Amino acid sequence: MNIIIRNETPADYRKVEHLIREAFWNQNFPGCDEHYLLHKMRDHEDFIPELDLVLELNGELVGSIVYTKATLVDEQRQKKEILSFGPVGILPQYQRKGLGKTLMEASFAQAVAMGWDTVVIFGNPENYIPRGFKSCKKYNVCLAPGVFPTALLVKELKPGALDGRLWLYQGSSAENLCADEQEAARFDAGFPPKEKGWQPSQELFFIYSHSSVVR
């Protein structure tokens, strides 16, 4: 396989939005809005262009990952700027071939080279634990005192970066860019029609996004 990982360019935008739409369609709920989120994120102040990466396989664009800045705040209200990523996706026909792993590992290496030491995301633990992520509770990272969501996952790019103190996670406002459902629907209408439907992954998404680690 001839794999190239490079920065996304404006000429890639529509292809990447299509890719993300294909990767997320019906995964978390009927249809998806991740492609609209990506479309909006590129202009957000927390978006990091140097970590806006795509993966080409034999000349075909098949994968994408994007990062935004986020913040951790300790009990003394000291702030630590960190990374968060998403959406990240691989075209369905190329999934389970190690391409997502390759793309993420390349992005981690780029992030380290830029001086970043921590990544915090919301995601399916089954997908990200193999990439070195752990429960937020293992690093004392919470959404509010005593609230450790199951889907809140942490990866130290530099061991010891979080030093055990209690941290409150504050995501970028970019995470809320797809809140306008009508606008998201209008954006999606510009893509080829796809049938919305239910599949088991949607129940898994509901469970993970509505549960917390308590011990």
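User: Which residue does Arg14 form a salt bridge with?
Analyst: Its partner is Glu17, and the closest N and O atoms are 3.8 Å apart. Keep in mind that this is a predicted model.

User: Is Glu17 buried or exposed?
Analyst: Glu17 is buried, because its relative accessible area is 2%, and buried means under 20%. Arg14 has 43% relative accessibility, so that one counts as partly exposed.

User: OK, what about Lys194, what does it pair with?
Analyst: Lys194 forms a salt bridge with Glu22, with 3.5 Å between the closest N and O atoms. This pair links distant parts of the chain: Lys194 is in the loop between α5 and α6 (200-209), while Glu22 is in helix α1, 172 residues apart.

User: Which residue meets Asp74 in a salt bridge?
Analyst: That's Arg165, at 2.7 Å from N to O. Here too distant parts of the chain are linked, with Asp74 in strand β3 and Arg165 in the loop between β8 and β9, 91 residues apart. Asp74 is buried at 5% relative accessible area, whereas Arg165 is partly exposed at 32%.

User: Switching topic: how many residues are in the largest nonpolar core?
Analyst: There are 46, and the ones with the most contacts inside that core include Ile65, Tyr67 and Phe85. Among the elements giving two or more residues to this core are α1 (13-24), β3 (60-74) and β4 (79-90). A second, separate core has 14 residues, including Ile82 and Val120.

User: What does Ile65 touch?
Analyst: Leaving out residues up to four places away in sequence, its contacts include Leu51, Phe85, Val88 and Leu103.

User: Now Asp188: which side chain does it make a polar contact with?
Analyst: The side chain of Arg21, at 2.7 Å. Asp188 lies in helix α5 and is buried, with a relative accessible area of 14%. Beyond its neighbours within four places in sequence, Asp188 is in contact with Arg21, Trp25 and His35.

User: Last one: which residues make the nonpolar surface patch?
Analyst: Phe122, Leu143 and Val147 make a patch of about 230 Å². Leu143 is in the loop between β7 (141-142) and β8 (152-156), and its 35% relative accessibility counts as partly exposed.

How values were computed:
Residues numbered from 1 in each chain as written. Predicted model: local features only at pLDDT ≥ 70, side-chain atom pairs only at ≥ 80, totals over all residues. Heavy atoms only, no water. Patch = residues over 30% accessible without salt bridge, like charges linked within 9 Å, V, L, I, M, F, W, Y side chains within 5 Å. Areas by Shrake-Rupley, 256 points an atom, 1.4 Å probe, with all protein chains shown as cover. Salt bridge = Lys/Arg side-chain N within 4 Å of Asp/Glu carboxyl O. Helix = DSSP H or I, 4+ residues; strand = E, 2+ residues; numbered from the N terminus. Buried < 20%, exposed > 50% of the residue type's maximum accessible area, 1.4 Å probe, protein only. Core = buried A, V, L, I, M, F, W, Y, C linked by side-chain atoms within 4.5 Å. Contact = heavy atoms within 4.5 Å. Polar contact = N/O pair within 3.5 Å; in protein donor to acceptor, adjacent residues only side chain to side chain.
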